[in-house]
Amino acid sequence: MVGLVRSIMPVSTVALLAVDLLLITGAFLGSEAIAVGGDPLPFVFDQHGWVSIVIVVAAFVGGMYFHNLYSQVYIRSRVLLLEQLCIVAGFAFILEGLIS
């Protein structure tokens with residue numbers, strides 16, 4: 001099973017994906033903690049905020065995947081990378097606005 005995963009995606013890409021998932025989720029949980037002024041867990045679990053966080057994180061990761069940011073691990077141009085990340089963030093924020 002591990003050999004099958006390694007043949008589909010390199011280990012570095014899987015590690016990059018895992019770090020991106022953790023960072024994006026942490027950023028949304030941190031922003032929610034700042035917004036409520038304390039513990040974000042009541043919003044996440046009692047008010048089903050985890051659904052919107054999962055949708056937005058999936059939009060971010062999916063947008064980065066479709067912009068080939070996981071296949072091009074090395075940065076050729078910082079300006080192009082910033083432009084692609086801004087497009088992905090704009091798409092994810094529009095999606096977040098539509099679901100909330």
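Modeller: Ile94 counts as exposed because its relative accessibility is 57%; buried means under 20% relative accessible area, exposed over 50%, and partly exposed in between, with a 1.4 Å probe and protein chains only. The model is predicted, so local features need pLDDT of at least 70 and side-chain atom pairs count only at pLDDT 80 or more, while totals for chains, interfaces and linings use all residues. Residues are numbered from 1 along each chain as its sequence is written, and side-chain values use heavy atoms, with hydrogens and water left out.

Ile94 is found in helix 5; helices (H or I, at least four residues) are DSSP runs numbered from the N terminus. Ile94 is also part of a nonpolar patch on the surface, together with Leu41, Phe45, Trp50, Val51, Val54, Ile55, Leu98 and Ile99. Helix 4 gives the most to the patch, with four residues.

Helix 5 also holds Ala92, which counts as buried because its relative accessibility is 0%. Not counting residues up to four places away in sequence, Ala92 touches Val56, Ala59 and Phe60, where contact means heavy atoms within 4.5 Å. The C-alpha atoms of Ala92 and Val57 are separated by 8.0 Å, although the two residues are 35 apart along the chain.

Phe93, also in helix 5, counts as partly exposed because its relative accessibility is 46%. Phe60 is buried, with a relative accessible area of 12%. Rings of Phe, Tyr and Trp (its six-membered ring) pair if their centres lie within 6.5 Å; planes under 30 degrees apart count as stacked, over 60 as edge-to-face and the rest as tilted. The count comes to three aromatic pairs. The rings of Phe60 and Phe93 have centres 5.8 Å apart and planes at 80 degrees, so this pair is edge-to-face. The pair links distant parts of the chain, with Phe60 in helix 4 and Phe93 in helix 5, 33 residues apart. Phe28, Phe60 and Phe93 form one aromatic cluster.

Terms used. Helix = DSSP H or I, 4+ residues; strand = E, 2+ residues; numbered from the N terminus. Patch = residues over 30% accessible without salt bridge, like charges linked within 9 Å, V, L, I, M, F, W, Y side chains within 5 Å. Areas by Shrake-Rupley, 256 points an atom, 1.4 Å probe, with all protein chains shown as cover. Salt bridge = Lys/Arg side-chain N within 4 Å of Asp/Glu carboxyl O.
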